[in-house]
Each structure stands twice: as structure tokens, then as C-alpha cells.
Amino acid sequence: MALKEPRRAALSVTHAVLVRVAAVVALVAVWELLVLARFWPPAVLPGPVQVWDQLLAASDSANGQGGYAGSTVVERLGVSLRRVGYGSAYGILVGVGLGLLMGLVPLIRAVAEPFVTFLRALPPLAYLSLLVIWFGIDEEPKVYLLVVAAFPPVAVATAAAVTGVNRQYVEAAHALGASRLGVVGTVVLPASAPEILTGVRLAVGVAYSSVVAAETVNGADGIGGMVLNAQRYNQTAVVLLGLVVIGVTGLLIDTAILALQRAVSPWRGRA
């Protein structure tokens, strides 16, 4: 039985990967069929081959344009990922800290929860203009926008996880002489880690989906800036390329966080 479990898990992972690859192939095939059937003109819906050619052209720094408008796709992606990384990291730190306080102190939860819910309901573009007024048009408003977008999901998930910790574990730790801070570090946080990581997944996804909005202000050097610039000149293939790059890298980031979550809580999802 001990040998069968790893083999069964490996088969399950392989099956999941094959299903996802097949789904992507099917989607690309449907896309190509729609292009061949000419439901829309090429200017409206370029085919996968056109998007691939655009990727090659935008990745070539020696094509006379430095890639696309002075920067290659890899350089633009690096700039956007740096912004998302900073915004997500600060947002996660704020969210976990506030979520712990909300989960441990009912008064703080009663005061803070309406404000967190209010921020969750706001689309990023709604407060981007205010951030520009406050912090100018450099990197600060972009990162702060991603911070504000990222921390509410983490705060809500952390607060819910903390309030759901089994009280018997907490009481047992107190009975063994643990301090309140020690209980938080040795009982509350480990027990809440899976749900907190679920909030982190949501936060990173929200931050990454907000990067295009963040780069509407002096962000032409990022992948979102490339999409916006291409939209102005009706370069549909470039727009689709940017969306594909954002989607694929977002999927890879989400997969990495999911792997971390499974490593932290391998018992989840098992009978």
C-alpha cells in the first residue's frame, strides 16, 4: 500500500498535466479554425501564427525597434513582474498582519472589516487617479495600487483562518505554558497557513490582473504598457501577445503558490 500511494499520486499529476495540455491545444485549434473561417477580419482576430510571429519580432532586440517600442518582451515582463512582486509582497505583509489582528481581537475586526470590504469592492482604476495626485507618476503609485489591490484578500482569508482554529489546540498550548505570542507562532499560524496561502493566491492574481491598470500612468516600459500602446495603434496581434504573456506567467506563478500550499498542507484534499 505504501508503494501504491506515491504511484497513484504521480499518475494523478500526470493525468492533470495531460488534461491541461489537451485543453490548451484544443483552445488554440478552435482559435485557428475561427481565423480560417474568417468570422472576423485578421485585423480584429489575428491567428496564433501571427501572434507567434509578433512574439519573435518583439523578442528580437536587433530588429531596428529594440524589440517593441524600445524594449523586448522579456525586458517588459521583468519590469511588470518587479512591480507585481513588490506590490504583492507589501500587500501580503499588510494583509497577514491585519488579518491576524482581526482574527485575534474582535474589536479590531469590527472596526477594520468594513474598510477592508470597501477596498475589495473598488476596481483599481477607481483609486489610481488619487494615488497619482498623492505620489506623482513615478513607480510609487503603481506599487501602491498593487498593494491596495493585494492586501484585502489576504486580510480576509487570514482573519477567517485564525477564527477557525480549533480552540482545543490553543487551550492545550496555554496549558503547556505557552505565552500568547508563542501560541500565535506555534499554533495559530501553522494551523491557518493553508487558508492564508489561498488568500495569497487570490492576492497575487488580483495584483497581476491590475498591472495593466497600474501601467496606464507612465508605465510604457512594462508588459501592460505594451498592451496599451498597441491598443492605441490597433495592433491587435501585439495586444493578444501581451494578454497571452500575462496569462501564461500568471498561471506559472499560481502553480508555484499552489505547490507551496500542497507542501505546507499535504493532508488537504485527501480522505
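Arg 109 is partly exposed, with a relative accessible area of 24%, where buried stands for under 20% relative accessible area, exposed for over 50% and partly exposed for what lies in between (1.4 Å probe, protein chains only). The model is a predicted one, in which local features need pLDDT of at least 70 and side-chain atom pairs count only at pLDDT 80 or more, while totals for chains, interfaces and linings use all residues. Residues are numbered from 1 along each chain as its sequence is written, and side-chain values use heavy atoms, with hydrogens and water left out.

**Salt bridges**

Side chains of opposite charge can pair when their charged atoms come close. Arg 109 has such a partner in Glu 113, with the closest N and O atoms 3.6 Å apart; the term salt bridge requires a side-chain nitrogen of Lys or Arg within 4 Å of a carboxyl oxygen of Asp or Glu. Both residues belong to helix H4 (residues 106–121), and because they are 4 residues apart there, about one helical turn separates them. Helices (H or I, at least four residues) and strands (E, at least two) are DSSP runs, numbered from the N terminus. Glu 113 is partly exposed, at 34% relative accessibility.

A salt bridge also joins the side chains of Asp 254 and Arg 201, at 2.8 Å from N to O. Asp 254 lies in helix H11 (residues 236–264) and Arg 201 in helix H8 (residues 180–209), so this pair ties together parts that are 53 residues apart in sequence. Asp 254 is partly exposed at 24% relative accessibility, and Arg 201 is partly exposed at 26%. Elsewhere, salt bridges that share partners join Arg 82, Arg 83, Glu 139, Glu 215 and Asp 221 into one network.

Since Arg 83 lies in helix H3 (residues 73–104) and Asp 221 in the loop between helix H9 (211–214) and helix H10 (223–232), the pair ties together parts that are 138 residues apart in sequence. Arg 83 counts as buried, at 1% relative accessibility, whereas Asp 221 is partly exposed, with a relative accessible area of 33%. The structure holds 6 salt bridges, and the table lists those described here.

| Salt bridge | N to O distance |
|---|---|
| Arg 109 and Glu 113 | 3.6 Å |
| Arg 201 and Asp 254 | 2.8 Å |

A polar atom of the Ser 192 side chain lies 2.7 Å from the backbone oxygen of Val 188. Neighbours within four places in sequence left aside, Ser 192 is in contact (heavy atoms within 4.5 Å) with Ala 161, Val 162 and Val 165.

Val 162 is found in helix H6 (residues 139–163) and is likewise buried, at 6% relative accessibility. Leaving aside its neighbours within four places in sequence, Val 162 is in contact with Leu 100, Gly 103, Leu 104, Val 188 and Ser 192. The C-alpha atoms of Val 162 and Gly 103 are separated by 5.2 Å, although these two residues are 59 residues apart along the chain.

**Nonpolar surface and aromatic rings**

Leu 101, Leu 104, Val 105, Leu 107, Val 111 and Phe 115 make a nonpolar surface patch of about 570 Å². The elements that give two or more residues to this nonpolar patch are H3 and H4, and H4 gives the most, with 3 residues. Patches are made of residues with over 30% relative accessible area and no salt bridge, like charges being joined within 9 Å and nonpolar side chains (Val, Leu, Ile, Met, Phe, Trp, Tyr) within 5 Å; accessible areas come from the Shrake-Rupley method with a 1.4 Å probe, and for residues only the protein chains shown count as cover. Leu 101 lies in helix H3 and is partly exposed at 42% relative accessibility.

Rings of Phe, Tyr and Trp (its six-membered ring) pair if their centres lie within 6.5 Å, with planes under 30 degrees apart counted as stacked, over 60 as edge-to-face and the rest as tilted. By this rule the count comes to 3 aromatic pairs. The rings of Trp 134 and Phe 135 have their centres 6.3 Å apart and their planes at 90 degrees, so this pair is edge-to-face. Trp 134 is exposed, with a relative accessible area of 57%, whereas Phe 135 is partly exposed at 37%. Together with Tyr 144, Trp 134 and Phe 135 form one aromatic cluster.

Methods: A polar contact is a pair of N or O atoms within 3.5 Å; within protein, one must be able to donate a hydrogen and the other to accept it, and residues adjacent in sequence count only if both atoms are side-chain atoms.
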